[in-house]
Amino acid sequence: MTIYYYCYACIFFSSSGFAGSSPTFKPSSETSIPYMGPIYGGLKDGMSVNIQGTAHEDMDRYGQEKSSDIALHFNPRFTGWDKVVFNSFENDSWGSEEKIRSMPFTKGQPFKIVFMVTTEGYQVKVDGQDFYTFSHRIPLERVCAIHIAGQVSIQSIKLNVSFVFQAIPYSTLIPGQMSPGRTFTFRGNALNDADSFAINFMESKSNNIALHINPRVKDKIVVRNTKIGGIWDKEERELIFNPFGPGLFFDMSVTCDNDKFKVSVDGQHLFDYHHKLKPVNIIDKLEIVGDVEFSYISF
């Protein structure tokens with residue numbers, strides 16, 4: 001099985017083993033192999049790719065197709081002298097192989113791999129254990145897709161994003177777009193002299209806002225709304241409690257469900273907001289503005 005990160009930019013997990021992609025890229029009970037999926041917004045420091053699958057009983061070593069540059073080639077090889085090979089492919093040429101003569105995978109058995117992206121490289125964990133760090137050879141900004149191939153079954157591919165001490169205003173594309181079951185976490189506080197702030201889940205193509213969460217700190221209300229074609233819908237304001245105050249820390253989660261968003265703060269359910277902009281997979285942008293600072297954002 002092989003995993004490639006492609007660079008057109010691209011991430012590719014090659015066919016000489018298994019390859020992986022992101023969970024939101026293609027949410028399904030089983031991902032068809034070979035698989036190629038885009039990383040919307042590109043790969044960035046703080047992201048992680050989580051892959052769950054099973055190595056086939058007849059898995060050994062597989063060749064791969066090289067149609068573009070490869071930032072990370074992850075290739076477990078069962079060849080009698082089992083090893084995992086890391087490499088990159090650029091300008092029609094393979095780089096120097098980095099071989100780990102230790103095999104964390106067992107034929108016929110399930111596995112969990114996490115590729116954590118840092119400024120130094122790709123930190124790889126297998127079944128919760130640190131395995132290896134492959135240093136960047138190709139700039140992260142060129143990485144835009146992931147490819148999985150080989151004798152492997154993939155049950156889950158998830159892309160997680162986390163940022164620490166994020167500056168506001170903040171805007172980013174959502175890798176893999178929105179899908180039911182996806183959760184966004186925001187930890188931060190309204191400024192001491194805060195008037196209001198807003199978290200917007202949007203469609204980048206039209207700038208329509210699917211969910212506008214607007215704590216108006218001075219007015220002591222939390223407004224929710226949708227904006228389509230430049231026109232705001234009817235505001236929703238009713239709440240059992242308001243957790244947002246000047247300088248107050250909050251830990252908020254926003255989960256996309258089949259028919260609504262579910263929002264909780266500090267472990268307590270705050271409100272539901274039924275989808276008005278459909279289908280939800282057109283929601284591909286996150287925007288934060290106003291009098292707030294965040295110590296942690298994850299999705």
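Helices (H or I, at least four residues) and strands (E, at least two) are taken here as DSSP runs, numbered from the N terminus. The model is a predicted one, so local features need pLDDT of at least 70, side-chain atom pairs count only at pLDDT 80 or more, and totals for chains, interfaces and linings use all residues. Residues are numbered from 1 along each chain as its sequence is written, and side-chain values use heavy atoms, with hydrogens and water left out.

On that count the chain comes out with 24 strands and 0 helices. Of its 299 residues, 52% are buried, where buried means under 20% relative accessible area, exposed over 50%, and partly exposed in between (1.4 Å probe, protein chains only).

Next comes the nonpolar core, meaning a set of buried Ala, Val, Leu, Ile, Met, Phe, Trp, Tyr and Cys residues joined through side-chain atoms within 4.5 Å. The largest one has 71 residues, and Phe186, Phe201 and Val254 are the members with the most contacts inside it. Strand β13 (residues 152–166) gives the largest share of this core, 6 residues. At least three residues come from each of domain 1 (7–161) and domain 2 (170–298), with the bounds coming from an automatic or database domain assignment.

Asn214 sits in strand β17 (residues 208–216) and counts as buried because its relative accessible area is 7%. Its side chain reaches the backbone oxygen of Phe197 at 2.8 Å. Beyond its neighbours within four places in sequence, Asn214 is in contact with Ser196, Phe197, Ala198, Ile221, Val222 and Val223.

Asn225 belongs to strand β18 (residues 221–228), and a relative accessible area of 2% makes Asn225 buried. A polar atom of the Asn225 side chain lies 2.8 Å from the backbone oxygen of Asp233. Not counting residues up to four places away in sequence, Asn225 touches Ala210, Leu211, His212, Trp232, Asp233, Lys234, Glu235 and Tyr273.

Ile209 is also found in strand β17, and its relative accessibility of 7% puts Ile209 among the buried residues. Ile209 and Ile228 are 19 residues apart in sequence, yet their C-alpha atoms are 6.5 Å apart in space. Once neighbours within four places in sequence are set aside, the contacts of Ile209 include Asn200, Phe201, Met202 and Trp232.

Asn91, in the loop between β6 (83–90) and β7 (93–94), has a positive phi of about 55° although it is not a glycine. At 65% relative accessibility, Asn91 is exposed. Asn207 lies in the loop between β16 (197–203) and β17; Asn207 is not a glycine either, but has a positive phi of about 65°. With a relative accessible area of 42%, Asn207 is partly exposed. The peptide bond from Lys278 to Pro279 is cis, with omega near -5°, and Pro279 is placed in the loop between β22 (268–274) and β23 (285–290).

Another loop residue, Ser102, lies between β8 (98–100) and β9 (110–117) and is partly exposed at 38% relative accessibility. From Ser102 to Pro76 the C-alpha distance is 9.5 Å, across 26 residues in sequence. Leaving aside neighbours within four places in sequence, Ser102 is in contact with Asp82, Lys83, Val84 and Phe131.

Finally, the cysteines. The structure holds 0 disulfides, on a cut-off of 2.5 Å between a pair of cysteine sulfur atoms. Cys144 is partly exposed, at a relative accessible area of 24%, whereas Cys256 is buried at 2% relative accessibility.

Notes. A polar contact is a pair of N or O atoms within 3.5 Å; within protein, one must be able to donate a hydrogen and the other to accept it, and residues adjacent in sequence count only if both atoms are side-chain atoms. Contact means heavy atoms within 4.5 Å.
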